[in-house]
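Hi,

Here is the structure I promised to pass on. Have a look at it first, and my notes follow below.

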Amino acid sequence: MKDSLFFTDYESPSSFSLKNQFAEHLEFLLVKNKETATDDDMYHSLSMSIRDRLVRKWLRTQHKYYQEDVKKVYYLSLEFLMGRILGNSLINMDYYEECREILKKEGYILEDIIELEHDMGLGNGGLGRLAACFLDSMATLQLPAFGYGIRYEYGIFKQDIMNGRQVEQPDYWLKFGNPWEIVRRELTYRVKFYGKVNSYLNKEGKLAFHWVDTEDVMAVAYDVPVPGYDNDIVNNLRLWSAKATEEFSFNEFNSGNYVAAVETKNISENISKVLYPNDTYTEGKYLRLKQQYFFVSASLQDIIRTYKLNHSDFSSFHEKVAIQLNDTHPVIAIPELLRILLDDEEMGWEKAWEITTKTFGYTNHTVVPEALEEWSVRILEELLPRHLQIIYEINHRFLNYVRQVYTRDDAVISKLSIIREGNDKKVRMANLAIVGSHSVNGVAELHSNILKKIIFPEFNELYPKKFKNVTNGITFRRWLRYANPLLSNLITEKIGKEWVKDAEELRKLEDHLNEPDFIESWASSKEANKMLLKEHIESELGISVPVDSIFDVQIKRFHEYKRQLLNVLHIITLYNRIKANPGGDYVPRTFIFGGKAAPAYTAAKLIIKLINDVGNTVNNDPVIGDRLKVVFIPNYSVTAAERIMPAADLSEQISTAGLEASGTGNMKFALNGALTIGTMDGANIEIRKEVGKDNIFIFGLLSEEVHDLRVNGYDPKIYYNNDPELRQVIDMLAKNYFNPTEPGIYHSIVSDLLDIDYYFLLADYRDYVNTQDKVSELYRNRVEWTKKSVINCARIGYFSSDRAISEYAKKIWKVKPVNFKIDQ
């Protein structure tokens, strides 16, 4: 690339040194000197210095994509759980040690400065963290890619625990600004809502439509650069912020109506205020659909703008654009692209539909029925009237096709229909996604098979080539190289650093299983990480936990199917055993929980309360002592996971078989040397295949057995009556043993377990407890446990997000890497 006013590929070392940039940001942007600078100033100055380096590569990366007119991937996701940016960027760009030295000379510790960064409040669970891992891998693999989402002002919420209960507080993560984002004022798009649809005859005499009298909101772009590891590619995450078309009504203000003067602005900007508004209320449903359409509309306008820089028509749109829909949240993009092509570009239906279906791919992330999103026709008709028309037309043409080539059976047609009939008609967004995409993929082998055989069997018969599997993955750079420097350094010393880019290199660790010094070093790194977590727990929660205990960890979003409650039943069982025989020989356990429950999810919040009540009892019982501890770490986040996972001995992946799509926490724990106890669910099945059945603890019903029990009848009371330990545990809950001051607080849990037990906790209880006993026995043998820890890490390479993204690129997106190097 030639030097120009905008692109100068050579900078003198003195002017472009990181140390100089750091000092200049501190002085000229933050207006501070050495005497007045705070720790937060040091964080912002360092972040902006690294951002400068990112921007240089970022601009040149985007210019390269434009020059070569490459096919791009656009990843649409309502969540991007990015975690902290600074530390990950330092590792990807190889500036970690240089920054450590710069700060050390000024009397600061880099790790302390990194700790000041607030997690970006752009996601909640695995869906958003997967999207973040994928962005990292796309940049590392040099794939031309864009992420699109919403710039939420508030995260889902900050979780406090008061009297054992979850209390939601605002998570205003942008309070002190975000040094990583760059506002793109010129990239502002109008997004329409409400209004009506007028029909007319166009100049060719064909029926056409105008969407008019709308209420509009402006979408303003904010960009966050995403660097690849050990290359010069910097891709982009573009986030949309909602702004009112009018900031202020002067007439209302002058008439004394000060609230009304800014009412329109406030209503408009609520769209990007908070992640996942409570949609148990009608207002929440409207706001959530507004969020989905808002970011989809702005993103498609931006994608088309970019495409038109090199193209005058849409004939090659699908050859240059691949859009991946991360679950059903962005699926309204399908009728939106159709609307643009039909109404704005005046294209015929057949051509517009062909372009649309060749452009979109859809990733399904759930088999839980309530999570298969549906939208009320009534709400869509009011909020997006033109889109509802288009959805009806898609469905009409699709069902005609079904009748012609597949079946005339009304029952089957009803299942395939995009519209679910009834008093309150619903649009099935998953059905719309399948019909309107060229590819549909699950995220683990079991999950994909369930989609094809149980959830969407008719669609699979109709479109057998559409359905694929791409098992999820994680970025080893964040979850081992960055999160666990003690273990990472040990691995690099033993096998070299190539594993950071090629995860299969970790298999070389097995060559050293019989080296006592290596096994001892591995165990010591785990103990050191446990000590760090112990100190954090004592500092933050005032609970002392023994480092020689099994750190038994379950950290994830709270949902009944994830069965945190089953874990609690086991804890109470161990408690009862110690109380009954205080002189027995027990392997000490520290149970560590973390995770948030949705604000309106009463049952999940009650389980959090139970965990804390059980912990309060167990932790303060002198008979129990250090043999059993229960810890709930509040406000679970990416940063919290990075602290907890390196210290974990045992990873709890105990969802009801057939309900967890994949899970990625299971992969992260195994990568950090934790052994897994889990059901044959999600990616656990493939982890067992990779690490070997002797290096994982599997228990419980299989998905087929769960299905058969559900169909043929299941009586949980049989298990209660026939298992004395289980009966004692349930009776303690019923008699308020762990919370005598609130009689009946756990009645709903007890009655649900005995009368319904939808997630089969009682059916799996005995096998779970017996398998946990095997865990304890193995832990007594430190060398054997450590060898299995090494094997788990060594054989987990398949679950790299680099592998997953390579599969997406080849099987679904048909995109190729862009070789790119900046002259330094």
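A quick definition before the pocket: a pocket here is an open set of grid points with protein on both sides within 12 Å along at least five of seven lines, and its lining residues have an atom within 4 Å of a point. Please keep in mind that this is a predicted model.

The second largest pocket has 23 lining residues, and those nearest its centre are Glu 111, Glu 115, Tyr 482, Ala 483 and Pro 485. Its volume is about 680 Å³. Two or more lining residues come from each of helix 4 (96-105), helix 5 (110-114), helix 20 (476-482), helix 21 (485-495), helix 22 (516-541) and helix 25 (638-644). Helix 22 gives the largest share, with five residues. Sorted by class, the lining holds 10 nonpolar, four polar and nine charged residues.

Helix 22 also meets helix 33 (residues 782-794): their axes come within 10 Å and cross at roughly 85°. On the helix 22 side, the contact includes Phe 518, Trp 522 and Glu 527, while Arg 782, Lys 787 and Cys 793 are among the residues from helix 33. By class, this contact has seven nonpolar, three polar and four charged residues.

Lastly, there is a hairpin to look at. Strand 3 (residues 158-162) pairs with strand 4 (residues 165-169) in the antiparallel sense, over five bridges. Ile 161 has Gln 166 in strand 4 as its bridge partner. Two residues lie between the strands, and Asn 163 in the turn has a positive phi of about 55°.

Best wishes

Key:
Residues numbered from 1 in each chain as written. Predicted model: local features only at pLDDT ≥ 70, side-chain atom pairs only at ≥ 80, totals over all residues. Heavy atoms only, no water. 1 Å grid on protein atoms, 1.4 Å probe; cavity = no way out; pocket = protein on both sides within 12 Å on 5 of 7 lines; lining within 4 Å. Points joined across faces, edges and corners; volume = space filled by probe spheres on them. Helix = DSSP H or I, 4+ residues; strand = E, 2+ residues; numbered from the N terminus. Nonpolar A, V, L, I, M, F, W, Y, C, P; charged D, E, K, R; others polar. Pairing = 2+ DSSP bridges. Axes fitted to C-alpha atoms, helices over the stretch in contact; angles between N-to-C directions. Contact = heavy atoms within 4.5 Å.
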